Amino acid sequence: MADGKTALKVESATQLIENATSLGGVTSKIESRARWEGERVPPGLLRVSVGLENVEALWADLEQALAKE
């Protein structure tokens, strides 16, 4: 994303993809690493861990979240 503010907006806008750190589960997760890593990672970086949901549903969720950005 362009910056940390945009990354947080997209992260918050997903509906199917859960906003959490991946712990190896079967559901998709998204998180802004800069929140935890500080200046070690770019502020706009979003980490996505893909689970077992329908791929089309995941794409749709990401597309609607990005559209709100």
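This is a short tour of the structure, one selection at a time.

The model is predicted, so local features need pLDDT of at least 70, side-chain atom pairs count only at pLDDT 80 or more, and totals for chains, interfaces and linings use all residues. Residues are numbered from 1 along each chain as its sequence is written, and side-chain values use heavy atoms, with hydrogens and water left out.

**The sheet**

Select β1 (18-19), then β2 (residues 29-32), then β3 (46-49). Helices (H or I, at least four residues) and strands (E, at least two) are DSSP runs, numbered from the N terminus. The three strands form an open sheet in the order β1-β2-β3, with mixed pairing. Two strands pair if DSSP finds at least two bridges between them. At the edges are β1 and β3, each of which pairs on one side only.

Look at the two pairings in turn. β1 and β2 run parallel and are joined by two bridges; here Glu18 stands opposite Lys29. β2 and β3 run antiparallel and are joined by four bridges; here Glu31 stands opposite Arg47.

Stay on β2 and show its side chains. In a regular strand the side chains alternate between the two faces of the sheet. Which residues cover the two sides of β2? Lys29 and Glu31 are on one side, Ile30 and Ser32 are on the other, and all are buried. Buried means under 20% relative accessible area, exposed over 50%, and partly exposed in between (1.4 Å probe, protein chains only).

Next select helix α1 (residues 4-13). α1 lies across β1, β2 and β3 and runs at about 155° to β2. Axes are lines fitted to C-alpha atoms, for helices over the stretch in contact, and angles run from 0 to 180 degrees between N-to-C directions.

Within α1, pick Glu11. Glu11 counts as buried because its relative accessibility is 1%. Contact means heavy atoms within 4.5 Å. Leaving aside neighbours within four places in sequence, Glu11 is in contact with Asn19, Ile30, Glu31, Ser32, Arg35 and Leu46. Glu11 and Ser32 are 21 residues apart in sequence, and their C-alpha atoms are 7.1 Å apart in space.

To see the contact, show Lys9, Val10 and Ala13 of α1 with Asp61, Gln64, Ala65, Leu66 and Lys68 of α3.

Finish on Asp61, in α3. Is Asp61 buried or exposed? Asp61 is buried, with a relative accessible area of 5%. Beyond neighbours within four places in sequence, Asp61 is in contact with Ala13, Thr14, Gln15, Leu16 and Ile17. Pro43 is 18 residues from Asp61 along the chain, and their C-alpha atoms are separated by 22 Å.
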